[in-house]
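Keep the structure open as you read.

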Amino acid sequence: MKVLVIGAGNMGLTYAEGMAKSAMLNRKNLMIFDKSAEILTSLSSIDHFDVYDKIEDCLPEADVVFLAVKPYHCDGLFEEIKSYVNNQQIFVSLMAGITIKKIQDGLNVKKVVRSMPNLPAQVGKGVTSYTEAKEVSRVELLMIRNLLDTTGESIRVKNENFIDASTGISGSGPAYVFYFMQSMLEAALKMGFSQHDSKILVSQTFEGAVELFNQSDLSPNTWMERVASKGGTTRAALDSMEDNNVKELIKDAAYAAFDRAVELGKEEA
Ligand SMILES: NC(=O)c1ccc[n+]([C@@H]2O[C@H](COP(=O)([O-])OP(=O)(O)OC[C@H]3O[C@@H](n4cnc5c(N)ncnc54)[C@H](OP(=O)(O)O)[C@@H]3O)[C@@H](O)[C@H]2O)c1
């Protein structure tokens with residue numbers, strides 16, 4: 001199997017590196033293509049994959065093609081590459097808001113998998129949701145899943161609506177966590193801790209809480225009850241959050257991202 005990644009920016013490179021580090025592909029079966037001279041120069045010192053600046057030299061060879069350009073570049077990309085594609089190739093899109101149908105129509109192909117990755121893929125801790133066109137077989141889908149899993153974990157969702165929904169949870173989600181971290185950092189600094197100590201206090205608190213959550217079957221609500229005793233400090237903080245409706249505001253934010261993903265899909269259609 002030969003894999004080509006089109007677009008060597010943040011996401012494309014992350015996936016190429018994830019696949020390169022896995023045992024799934026050997027080096028000569030991984031290709032990357034970008035049109036930016038600057039990017040091509042920066043890749044010249046990397047030995048994990050073959051780098052191409054001409055689509056005709058790599059695309060016809062590929063069995064699986066990752067599409068990792070910005071959504072607003074997809075029309076131009078389709079025009080440039082459509083004469084080099086064939087109907088046996090599987091196209092895996094990482095592009096937010098671009099529908100399976102748009103890719104099928106734009107490239108005149110059938111086998112398309114649409115996915116929504118997230119930023120922690122850069123450290124092998126990403127989560128990617130994906131769904132497929134009916135022309136993609138079970139065996140092909142399993143192979144794609146294995147490729148996606150090289151950057152973390154993946155979940156198959158039943159239709160494209162859930163791709164937009166996962167944009168609101170996991171795609172945009174790292175920013176919600178950073179928002180919470182930033183608020184706690186600012187509180188720590190205001191209490192007089194140094195930058196260094198504030199960072200450790202906040203990052204270890206997040207990491208530890210996530211680890212506890214992952215190593216048990218308990219819900220976050222149960223963990224909150226375990227930390228908070230009646231009349232205690234944690235209860236005071238949680239009561240303050242409840243009084244200020246923080247939980248509902250966070251849910252509203254996730255829905256705002258979901259709605260925006262749906263809206264972007266319509267704009268691109
Ligand atoms: N970054 C994230 O956290 C994230 C999360 C979820 C989904 N995504 C999706 O991932 C995709 C890629 O995002 P990104 O942040 O990695 O973008 P990026 O850093 O801008 O990378 C895209 C690369 O593709 C190149 N490119 C553009 N048009 C091309 C063409 N026709 N042929 C070959 N290369 C081309 C760009 O070159 P130029 O710079 O010269 O245009 C750039 O090097 C997007 O569709 C986005 O929706 C990203």
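Start at Glu80: one of its polar side-chain atoms lies 3.3 Å from a nitrogen atom of the ligand. A polar contact here is a pair of N or O atoms within 3.5 Å. Taken alone, the ligand exposes 900 Å², and the protein buries 82% of that (areas use the Shrake-Rupley method with a 1.4 Å probe).

This is a predicted model, where local features need pLDDT of at least 70, side-chain atom pairs count only at pLDDT 80 or more, and totals for chains, interfaces and linings use all residues. Residues are numbered from 1 along each chain as its sequence is written, and side-chain values use heavy atoms, with hydrogens and water left out.

## The shell around the ligand

How many residues surround the ligand? There are 22, and the closest are Met11, Asp34, Val69, Leu94 and Ala96 (a residue is near if one of its heavy atoms lies within 4 Å). Sorted by class, that shell has 13 nonpolar, 5 polar and 4 charged residues; Asp, Glu, Lys and Arg count as charged, and Gly counts as polar.

## Domains from UniProt

UniProt, in an unreviewed entry, puts "domain: Pyrroline-5-carboxylate reductase catalytic N-terminal" at residues 2-97. That span is 32% helix and 20% strand, with its end C-alpha atoms 26 Å apart (DSSP runs: helices are H or I, at least four residues; strands are E, at least two).

Residues 160-264 carry the unreviewed UniProt feature "domain: Pyrroline-5-carboxylate reductase dimerisation". Here the span is 84% helix and 0% strand, and the end C-alpha atoms lie 13 Å apart. Keep in mind that UniProt annotations may be inferred rather than shown by experiment.

Key. A polar contact is a pair of N or O atoms within 3.5 Å; within protein, one must be able to donate a hydrogen and the other to accept it, and residues adjacent in sequence count only if both atoms are side-chain atoms.
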